[in-house]
Each structure stands twice: as C-alpha cells, then as structure tokens.
Amino acid sequence: MTLVWLGLLKAGWGIMSMGLTVKVLDSFWEAIMSKSLTDHIVIVGWNKSGERIAKDLDEQNKNIKIFGFGPEVEISEASRESYEKVSSIDGIVMHKDFKRCKSIIVLADDKRAEHRGDSDVDLWVSRVVRRMRKAIEENHQENVHIVAEVRRGANKEIVLEGGADEVICIETFGAELLAHAATKKRISVVFDNLIGTTETSNEIYYDAADLDSYSTFSDALIHFANHRDGLAKTPIGIKREGAILLNPRSDECALEEGDELIVIRMALAAS
C-alpha cells in the first residue's frame with residue numbers, strides 16, 4: 001500500500017512539475033510578446049493633426065504609441081498598428097508603454113472633450129497634461145518631455161502651468177506664417193525646409209558647447225566651419241537653462257558651462 005501511495009505521489013509531482021514548467025514557459029513567452037517600448041513617443045487623443053504627426057515621426061524612424069478613446073476614430077491602417085483604445089486617462093498613465101516613454105504629445109481631441117462635458121477642448125488638454133505630469137513624478141520618470149496642442153493661443157499659459165514643456169497652437173502658427181508669406185516671398189519654403197522630414201530638408205539639433213575648443217558663439221561659428229565632417233552644419237543660437245537665444249547679441253556671446261548650441265545641418269537622411 002505504501003508503495004502505491006509513493007507511486008501516486010511521484011506521478012502527481014511529475015504532473016505538477018510539468019504544469020509549472022508549462023506555466024513558466026507561457027509566462028516567459030507572454031513577456032517576450034508583450035515587451036514594452038522604450039524611449040518612444042506617446043500620442044494622447046486624436047484629431048485631424050494626428051495623422052500628419054504620426055507620419056512625420058515615422059519618417060524620422062521614431063517609435064510611437066497612440067492612445068485614443070474610441071474605435072470609431074478616423075485613422076489610417078499604418079497608424080492603427082500603433083493605436084490602442086483606452087477608456088480613461090488613468091488607463092494611459094498605468095500602461096507599461098506610458099511608463100517608459102521619452103516624450104508625450106497631447107492633441108486637442110474635440111470628440112473626447114465633448115464626451116467629457118468640456119465646452120473648451122483646451123481645458124481638457126490642460127487637465128490631461130496635469131494628470132500626466134503628476135503620474136510622471138509618481139513613477140519617478142526622468143526627462144519626459146510633454147508637448148501639448150491648444151486651439152487658442154490665449155490658453156497656452158494655462159497648459160504650461162499644468163505641466164507642459166511646450167504648447168503649440170497650430171491654427172495660430174499657420175495664420176502667422178500666412179502673414180509672413182505675404183510680405184516675405186518664399187518664406188514658407190524656408191519653414192518647410194526647417195521642419196520637414198524629406199531627404200532635402202534640414203534639421204535642427206542641440207550640441208553641448210565644447211568650451212575647450214571655443215569660448216564664444218563667434219568662435220563656435222568658426223570652429224564648425226572648419227570641422228564639418230562632410231556635413232554642412234552651422235550654429236544659429238544658444239540654449240541656456242531653458243532659454244533660447246537665436247542669433248545672440250554680443251553680450252550673450254560668451255558661452256557658459258551647461259550651454260548647448262542650436263545647430264542647423266543637412267538632414268541625416270540626405271547624408
């Protein structure tokens with residue numbers, strides 16, 4: 001009888017071990033298949049600007065994750081691959097792909113704002129930004145950059161106070177560009193070349209000031225002219241403690257520890 005019980009225990013242990021092994025393998029495979037993105041860009045909400053933004057980021061070879069609030073959104077098949085429907089902002093900030101992102105773009109989602117009872121979509125954007133900034137601090141995420149869209153330029157300060165790093169009013173920007181184009185012929189081509197993502201575009205990036213090689217902005221211009229490394233690149237300003245100094249005055253030319261040069265160069269796609 002004892003031998004029978006020992007045999008049953010041994011068989012049972014074998015079955016349990018096999019079950020545990022299968023469970024471990026299933027968990028391992030699930031972890032591989034659901035691997036989180038890292039250093040990607042999260043887009044929150046959706047509107048007519050979303051498709052162009054997603055396309056531009058894709059052309060820059062940036063990974064994106066789109067969080068929307070309904071399956072009925074008008075979105076291309078290419079963008080839908082990165083799209084995930086959520087029911088609330090809490091569903092976004094608790095998501096694994098939110099906790100590892102590098103930047104966040106909050107779009108002025110009129111449909112979601114209306115659904116939530118907000119008469120002004122910019123107020124909805126402000127609340128979303130505030131909630132996300134709080135979650136970022138709670139998650140101890142570092143250097144997450146939040147860019148938000150507003151409909152009215154007058155509401156930019158409200159969203160900045162909510163925790164956005166940058167606020168852009170696309171409609172205002174477009175109107176101002178139209179006004180400039182009327183008085184400065186072909187200026188729109190300059191803007192297209194600066195912010196476009198084609199092989200003929202230029203790009204702007206930050207480069208830490210090398211104080212051992214140059215000590216003033218004027219010296220930096222000469223240094224870059226002599227060290228192009230096959231690419232045409234030229235400093236156009238200084239980023240200093242969050243301030244942007246374009247074409248700096250002579251009293252701002254002396255570079256300081258922590259300064260970054262704002263440099264324009266031919267897009268890497270064209271190199």
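Helices (H or I, at least four residues) and strands (E, at least two) are taken here as DSSP runs, numbered from the N terminus. The model is a predicted one, in which local features need pLDDT of at least 70 and side-chain atom pairs count only at pLDDT 80 or more, whereas totals for chains, interfaces and linings use all residues. Residues are numbered from 1 along each chain as its sequence is written, and side-chain values use heavy atoms, with hydrogens and water left out.

Six strands form an open sheet in the order β3-β2-β1-β4-β5-β6, with parallel pairing, where two strands are said to pair if DSSP finds at least two bridges between them. The edge strands of this sheet are β3 (83-85) and β6 (166-168), each of which pairs on one side only. Neighbouring strands are turned against each other by 20 degrees on average, direction ignored; axes are lines fitted to C-alpha atoms, for helices over the stretch in contact, and angles run from 0 to 180 degrees between N-to-C directions. Within the sheet, strand β4 (residues 103-106) runs parallel to strand β5 (residues 145-149) and is joined to it by four bridges, and Ile105 has Val147 in β5 as its bridge partner.

Helix α2 (residues 48-59) packs on this sheet, touching β1 (41-44), β2 (64-68), β4 and β5, and its direction makes about 175 degrees with that of β1; contact means heavy atoms within 4.5 Å. Helix α6 (residues 121-138) lies across β1, β4 and β5 and runs at about 170 degrees to β5.

In soluble globular proteins, nonpolar side chains tend to be buried together. A nonpolar core is a set of buried Ala, Val, Leu, Ile, Met, Phe, Trp, Tyr and Cys residues joined through side-chain atoms within 4.5 Å, and buried means under 20% relative accessible area, exposed over 50%, and partly exposed in between (1.4 Å probe, protein chains only). The largest nonpolar core has 30 residues, of which Val44, Ile92, Ile104, Val106 and Met132 touch the most other members. At least two residues of this core are supplied by each of β1, α4 (89-93), β4, α6 and β5, and α6 gives the most, with eight residues. When residues up to four places away in sequence are not counted, the residues that Val44 touches include Phe67, Ile92, Ile104, Val128 and Met132.

Most residues other than glycine have a negative phi. His140, in the loop between α6 and β5, has a positive phi near 60 degrees, and this residue is exposed, with a relative accessible area of 68%. Arg186, in the loop between α8 (170-183) and α9 (187-195), likewise has a positive phi, of about 70 degrees, although it is not a glycine, and at 63% relative accessibility Arg186 counts as exposed.

A second open sheet has four strands in the order β7-β10-β8-β9, with antiparallel pairing. Strands β7 (202-208) and β9 (243-246) stand at its edges with a single partner strand each, so one side of each is left without a neighbour in the sheet. Neighbouring strands of this sheet are turned against each other by 30 degrees on average, direction ignored. Seven bridges join β7 to strand β10 (residues 260-266), the two running antiparallel, and Tyr205 stands opposite Val263 in β10. Helix α10 (residues 217-226) lies across β7, β8 (233-240) and β10, running at about 150 degrees to β8.
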